[in-house]
Amino acid sequence: MKTVQTVALSGLLALGLACGYSKSTMPPQAGTMPAIALLSPNSMNAGAAFTLTVNGSNFLSNAVVNFNGAAQATTQVSATQLTAKIPGAADMSSGTVPVTVTNPGTAGGLYGGGTQPETSTPMNFTIN
């Protein structure tokens, strides 16, 4: 009798677990990769605040210009042009700094998915 009860209880437990709701998640997919073709200006004197125009391709409406690794206040002009306000404190010493563009990822909702953020290959900017 104990064996029958054990088998019956095990069967109910397995059935209960198998019929429960399962949550399947999908990994994020690759996002849209931005590309930089031209920086204007491509150099500036140290300590000067300026507006940087970034021309390229695949810029999403929420893309961000990164100047020397720091995200800057960015405005999308079009899918091929962004502008960023670079404060004078961002370029205090002479040298070369990288400029990149990042397209943020998008959330995938309840079951995951979405897209991953993508960052362009850096283009060098010269500080005089």
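Is Phe125 buried or exposed? At 0% relative accessibility, Phe125 counts as buried (buried is under 20% relative accessible area, exposed over 50%, partly exposed in between, with a 1.4 Å probe and protein chains only). The model is predicted, so local features need pLDDT of at least 70 and side-chain atom pairs count only at pLDDT 80 or more, while totals for chains, interfaces and linings use all residues. Residues are numbered from 1 along each chain as its sequence is written, and side-chain values use heavy atoms, with hydrogens and water left out.

There are three aromatic pairs (ring centres of Phe, Tyr or the six-membered ring of Trp within 6.5 Å; planes under 30 degrees apart are stacked, over 60 edge-to-face, the rest tilted). Two of them are listed here.

| Pair | Centre to centre | Angle between planes | Class |
|---|---|---|---|
| Phe50 and Phe67 | 6.2 Å | 75° | edge-to-face |
| Phe67 and Phe125 | 5.3 Å | 70° | edge-to-face |

Ring pairs link Phe50, Phe67 and Phe125 into a cluster. Phe50 is in strand 3 (residues 50–57) and Phe67 in strand 4 (residues 64–67), so their pair ties together parts 17 residues apart in sequence. Phe125 belongs to strand 10 (residues 123–127), so its pair with Phe67 of strand 4 ties together parts 58 residues apart in sequence. Phe50 counts as buried at 9% relative accessibility, and Phe67 counts as buried at 1%.

Strands are DSSP runs (E, at least two residues), numbered from the N terminus, and two strands pair if DSSP finds at least two bridges between them. Four strands form an open antiparallel sheet in the order 1-3-7-6. Strand 1 (35–40) and strand 6 (73–78) are at the edges with a single partner strand each, so one side of each lacks a neighbour in the sheet. Five bridges join strand 6 to the antiparallel strand 7 (residues 81–86); Ala73 has Lys85 in strand 7 as its bridge partner.
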